[in-house]
Amino acid sequence: MHPPRLLRRCLLAALSAVLAVSAFTGPAHAAPRAADATVFSDTFDGPAGAAVDSSKWQIETGDNVNNHERQYYTPGNRNAALDGQGHLVITARRENPAGYQCWYGTCQYTSARLNTAGKFTAQYGHVEARMKIPRGQGMWPAFWMLGNDIGQVGWPNSGEIDVMENVGFEPSTVHGTIHGPGYSGSGGIGAAYSLPNGQAFADAFHTFAVDWAPDSITWSVDGTVYQRRTPADLGGRTWVFNKPFFLILNLAVGGYWPGDPDGSTVFPQQLVVDSVTVTTSDSPGGTGVPITGLAGKCVDVAAANSANGTPVQLYDCNGTAAQQWTVAPDGTLRALGKCLDVVGNGTADGSKVQLWDCTGGANQKWTVTAAHDIVNPQANKCLDVTDNNSANGTRLQIWSCSGGANQKWTVG
């Protein structure tokens, strides 16, 4: 993936005192996805020059020796401010107006880093930020998350989910990575996504997201999924992502991975954030919604029969309870009080799906992605209409994800 690096970004000392599970109490501004509830949203509305909403974010200060980054993160709104047009602007400057001292001596750069620790944590859901990243050698913008127990267990046992990182020498590429015990730093597990035809991410806004469920994290850029990770990817090491995490936005300057700025780097540089949103699925007791797929037909429990083993099929949408599904926080899909289940705990292509008592088993876990796939993480396969047949009564199954129309679903 990328050159070796140490702890990606160690939490600054001031943060450890405020790590606690908390609830977001501010207003929700962004429109939720169908059948989802918005639990955190910031669209950065406010007058130009204003600081971020302190009920949602705290500002970190100081330097970071762990990655040999060059910036000093400043307090207040000098390097993190609203622009009056619905954006947060994090600015990296070549300056040191206050005589800040860094690990290498007198600091050469300033920037900003903010997080939601002590104010908001997420556990599962759709986590996204719409941003325009900076450009230039030595720039290192990121949108990421840390386990809320970092103050107790330390890094990397806390876990880290990098929704998006970019290093300036790769203007067309971003990275998504997980870090945990035995797979951290340069051993993190992830993948890269590149824009076609040499386009630069700095030229326009893009939406960076993860769809996060029990035992599954799926990354996307502008709705295009480019990787999915489950415990099966860890080679027997511990999956540490089934717990609350808090959000972080920052723009680092220099460090082991991006390298330091050089004569080609123009300052100031800006990470412009249009919105940050976290949505979570309805609870098991919530109102169900249809799941629509091939030929505009619905996922249907045959004959509305709630008995264990009832086939789940494609059928004309009719609004009955047999077609009302709830995406539950535990990663299950529920109808008629039971769960969508892969028959016999199967993982092979062609394994059929049915209705069954909810057991908590891996064959009843599903991830609904921004690309409209419904994935069983255990099998790493997609919910599929058998033989691409849109006739009423066609049985549903799991199959290797192909991107075909018979594997695309709209929830709600």
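Modeller: A residue counts as buried when its relative accessible area is under 20%, and as exposed when that is over 50%. Keep in mind that this is a predicted model.

Colleague: Fine. Is E69 buried or exposed, then?
Modeller: E69 has 0% relative accessibility, so it counts as buried. Its place is the loop between β2 and β3.

Colleague: Which side chains does the side chain of E69 make polar contacts with?
Modeller: One is the side chain of N64, at 3.3 Å. Another is the side chain of Q71, at 2.7 Å.

Colleague: On to the sheet. What is the strand order?
Modeller: The order is β2-β9-β18-β11-β12-β13-β14, seven strands in an open sheet with antiparallel pairing. β2 (58–60) and β14 (189–194) each have a single partner strand, so one side of each has no neighbour in the sheet. On average, neighbouring strands are turned by 15° against each other, direction ignored.

Colleague: How many bridges join β9 to β18?
Modeller: Three bridges join them, β9 covering residues 113–115 and β18 residues 245–253. N115 has I248 in β18 as its bridge partner.

Colleague: What does the side chain of N96 reach?
Modeller: It reaches the backbone nitrogen of G99 at 2.9 Å. A polar atom of the N96 side chain also lies 2.9 Å from the backbone oxygen of C107.

Colleague: And aromatics, how many pairs?
Modeller: There are 13 aromatic pairs. W103 and Y104 form an edge-to-face pair, 5.1 Å centre to centre with 80° between the planes. W103 counts as partly exposed, at 28% relative accessibility. R70 lies over the face of Y104, 4.6 Å from the ring centre.

Colleague: Why is the pair of W140 and W257 edge-to-face?
Modeller: Their planes are at 85° and the ring centres 5.9 Å apart, so the pair is edge-to-face. W140 is in strand β11 and W257 in the loop between β18 and β19, 117 residues apart, so to speak of the pair is to link distant parts of the chain.

Colleague: Are those two buried or exposed?
Modeller: W140 is buried at 0% relative accessible area, and W257 counts as buried at 3%.

Colleague: Last one: which residues form the aromatic cluster?
Modeller: Y124, W212, W239, F241 and F245 form one aromatic cluster.

Definitions and conventions:
Residues numbered from 1 in each chain as written. Predicted model: local features only at pLDDT ≥ 70, side-chain atom pairs only at ≥ 80, totals over all residues. Heavy atoms only, no water. Pairing = 2+ DSSP bridges. Helix = DSSP H or I, 4+ residues; strand = E, 2+ residues; numbered from the N terminus. Axes fitted to C-alpha atoms, helices over the stretch in contact; angles between N-to-C directions. Polar contact = N/O pair within 3.5 Å; in protein donor to acceptor, adjacent residues only side chain to side chain. Buried < 20%, exposed > 50% of the residue type's maximum accessible area, 1.4 Å probe, protein only. Phe/Tyr/Trp six-rings, centres within 6.5 Å; stacked < 30°, edge-to-face > 60°. Lys NZ or Arg CZ within 6 Å of the ring centre and 35° of its normal.
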